[in-house]
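Open the model in your viewer and keep the selection panel at hand. The stops below go one selection at a time.

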Amino acid sequence: MQEGDLYTAPSFNTYLKNAPSMDSNDGSSGDVTQKLLALSSTKVINQRAFGNNVGIPMGGILNCIPQEEAKLPQLNKPPICCVRCGAFINPFCRVEVQAGRWKCVFCESVNIAQDQLGGADLQVSPELTSEAVEYVTNSFQPTIDKGKPQNGAVVIAVDGTLDPENMDPVRHALKSVLKDLHPATEVALLSFDGSISVYNLKSKPGLIEAHTIPGQVIHLPKGARKVLSNGDPIMCKAGSCLPAIELVLDSLSAQQTHLPERDRPRCLGMGIHEALLLIQEWRKNPGLAVPQGQSIPRNERVLVIMGGLGTYGPGAMVLDSNGELVNFKDDPARDGIKMFTRLAAVAQGMGVPVDLFGVGPSSNGVALLEPLGRASGGGLTMHSCVNSAMLAKSIQMSLARTFGTHGLLDVRLSPGLEVTSVIGNVFDRMGSGESGVRKLSSNACTIRNLEVGKAYGLWVEATRDLDQQDLYMQVLLGWKALDGSHVERVVTRKLSPTGNLVDYMKSINPGPASVLMAKKIVLETARMLAIKEKKKAEDIRLGLSTKLAYFAQKFGKLLEKKGVGLFGFGVKQKWSCPQEMSAFAHALYHLQRGPMIGPLPCTSHDRSFLHSTFLSGSVAVGECMLVPKMYEVDPRSFTLQEVPPIDLALRQDSAILLDHGSHMFIWLGASLATQDGTGEKGAAESVGNGHSGLISSLIHACERHAVSLSSSRFPTPELRIVQEGTDDMRWLLSRVVPGRKDQFADQKNQLPRSMSLDLEDTKRSMGRFPISAEPSLYEWCREFGVEPPRQDLARSGSMSGMGSM
């Protein structure tokens, strides 16, 4: 693996090439290991040139899943490793129990492990019966209760410039989260507008006491903060300060309401700086000392809830009407970027993640600060349309998503295969002797934090023609758990070389394969945009149609061939797209027109946020960001049923939830307002006024399902309510397939539910919005000589005409 192929955290405006739901174990081992290490296919093409260029990636996606969800066999003993290459013993190894010998499947060395294997029962040895196991070493156990958070501290910084309609859901969300917080967790609260108010949560009941710090001065005289706070400790246990926090939150209100929310004085940079200082001061508490030579992961975090970028003091930045930095080359904008770059470095050095939450319609520009959160180990979550339930879920995920620190990732492959790229937030490469305990491969790299919902794409290529009967891939994911124990998760998968395209296509896992393919495309596009090569980035997007045609030619069958041109010397071919390739056709279509690399208007920092979320996201999140999932609400039972993501499903009498991974949308048809008696007021206003009719019930059903779908995601998706006939429809329509120009037969094939309706009934039920000028999925495929996959096409028919290469 080449060092330049590691994807690392970008700076504020670039991607640097060289810089830095799990089922129980009751099911089969294969199902569990596929969710941990989702392979693109279980067979690989045995010809090097064709296998590396077929377009379907070789490799897989490693999902980060906590121990309690993975429920893997745990071994409290040192692992048995190959003396020569360092690989772990696994079920594919040949073992002689009586002699205490085993043969490594990677280097074929014979190892002697008489003490570990002698007399062992192969039927009950997890490392010999399960493809995935965990080795747990309790190197250090805290002396206090394991159930309580160790060294836990949370500093909450709240923007005091929010309008009441945005501040109210923030209050409800924070109160809900703090009530569920462990009583022993240390909490501090500050607010920022033109100045910073740090609150004394131990003040008398009913009294709000705070010390104020100027928002334009970053360096106060020595001892000034101690004088301002009267020497009182700022951090307070959550179990005893909840009434004081609720009183402070209820008192927060914007002062300069004559100014628009985005233009009000907001010393965001100083607010984050002060929050980090509070944790730094708290660490000086003698009671937090750890015995020399021992260490446990710190559970500390800064939560920043803001309504926009900083407009006052250090870090102030101004955006134009298009959401881009004003006069970026001038000193103020440059100084603002430098300020947040320094804050990111400070947070990273302290090991304190900073999570940013943009709330309200004026927060769109805060995506510019996403690298700050990610570089510190935190992240950014957008809530332009503030929903208290989604915001509370987002904050809860922020506090609970980290399950390990000091991570290590290593990948071993059989001879003939190599890792060419690791896609995800990985950092420094490690040599074979750097771990101090394990012999690592040349692919080993470090991971700062292991978080729920994150994943790492492993792109593999062949270095020669593959003549072995079986190949193997072993992934080691190690980390230090929050209780101080050290965990090593080992997953071993078998790959079978084949020269038969039918067998290969049957072994493809469409979801992981399409996501891994798209990750590489998005990463290359991001790199081109980072160096201002917009033409090359556009060429990558336009080249996706060529990839579709290549898939059809290699895996489909020729349907039509005819001469074209004046004398018929040209040839026009039409190929079928097999059902097995359906996921790739949909993924390529949505990718070339979607917000990640498509022509949809999007600011550079918003697009960077989407890139970061997709490149580091799990398979489930990646699938939704590629091809959105659409759910229709049954107005009688208020249950949701999945339907194809096509605009034909957006009817005037329907309520729809669209899940696009990083964003979610609730569609409300125009006739719902009439049924509910709200008339032209609209559905969104009905809910805002506390309406309790049909519309509110439909929206609440969608919100409950949205919270359920996003339970293991971070960043939590932004939820928007879109009513038919409003300008916000463009956000939803740009993410679904425009199928209203298709032939009626094609419409029925894409939306089978409409097969019971005739043409006139279908037209009457459609939503009232302009017909898109973009090609539909069927039009796009046929434009490039590919007949799109049809639901009524027999699987055997699409396979005919295929055979060995």
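Which residues in α14 meet which residues in α15? Before selecting them, note that this is a predicted model, in which local features need pLDDT of at least 70, side-chain atom pairs count only at pLDDT 80 or more, and totals for chains, interfaces and linings use all residues. Residues are numbered from 1 along each chain as its sequence is written, and side-chain values use heavy atoms, with hydrogens and water left out.

**Stop 1: α14 and α15**

Select Ile521, Glu524, Thr525, Met528 and Leu529 in α14, which meet Lys534, Lys536, Ala537 and Ile540 in α15. Contact means heavy atoms within 4.5 Å. By class, this contact has 5 nonpolar, 1 polar and 3 charged residues (nonpolar: Ala, Val, Leu, Ile, Met, Phe, Trp, Tyr, Cys and Pro; charged: Asp, Glu, Lys and Arg; polar: the others, Gly among them).

Now show both helices whole: α14 is residues 510–530 and α15 is residues 534–542, packed at an angle of about 160° with axes 7 Å apart. That makes α14 roughly antiparallel to α15 (angles under 35 degrees count as roughly parallel, over 145 as roughly antiparallel, 65 to 115 as roughly perpendicular and the rest as oblique). Axes are lines fitted to C-alpha atoms, for helices over the stretch in contact, and angles run from 0 to 180 degrees between N-to-C directions. Helices (H or I, at least four residues) and strands (E, at least two) are DSSP runs, numbered from the N terminus.

**Stop 2: the nonpolar cores**

Select Ile56, Phe555, Met581, Leu591 and Met596, the residues with the most contacts inside the largest nonpolar core, which has 66 residues. Such a core is a set of buried Ala, Val, Leu, Ile, Met, Phe, Trp, Tyr and Cys residues joined through side-chain atoms within 4.5 Å. Here buried means under 20% relative accessible area, exposed over 50%, and partly exposed in between (1.4 Å probe, protein chains only). Helix α14 gives the largest share of this core, 8 residues.

Centre on Ile56: leaving aside neighbours within four places in sequence, Ile56 is in contact with Tyr504, Ile508, Ala513, Phe551, Phe555, Met581 and Phe584. Another core, of 44 residues, lies apart from the largest one; Phe192, Met339, Ala347 and Val366 are among its members.

**Stop 3: α18 and α19**

Go to α18 (residues 604–615) and α19 (residues 619–626), whose axes come within 9 Å and cross at roughly 140°. The two helices are therefore oblique to each other. Leu610, Thr613 and Phe614 in α18 meet Gly622, Met625 and Leu626 in α19. This contact of α18 with α19 has 4 nonpolar, 2 polar and no charged residues.

**Stop 4: backbone details**

Select Phe714 and Pro715; the peptide bond from Phe714 to Pro715 is cis, with omega near 0°. Pro715 sits in the loop between α22 (694–709) and β29 (718–723).

Next, His406 lies in strand β17 (residues 402–413). Phi of His406 is near 50°, a positive value in a residue other than glycine, and His406 is exposed, with a relative accessible area of 59%.

Phe638 is in the loop between β25 (629–633) and β26 (640–643). Its phi is also positive, near 60°, but Phe638 is partly exposed, at a relative accessible area of 28%.

**Stop 5: Ser109**

Is Ser109 buried or exposed? Ser109 is buried, with a relative accessible area of 13%, in the loop between β6 (101–103) and β7 (110–112). Not counting residues up to four places away in sequence, Ser109 touches Cys82, Arg84, Trp102, Lys103 and Cys104.
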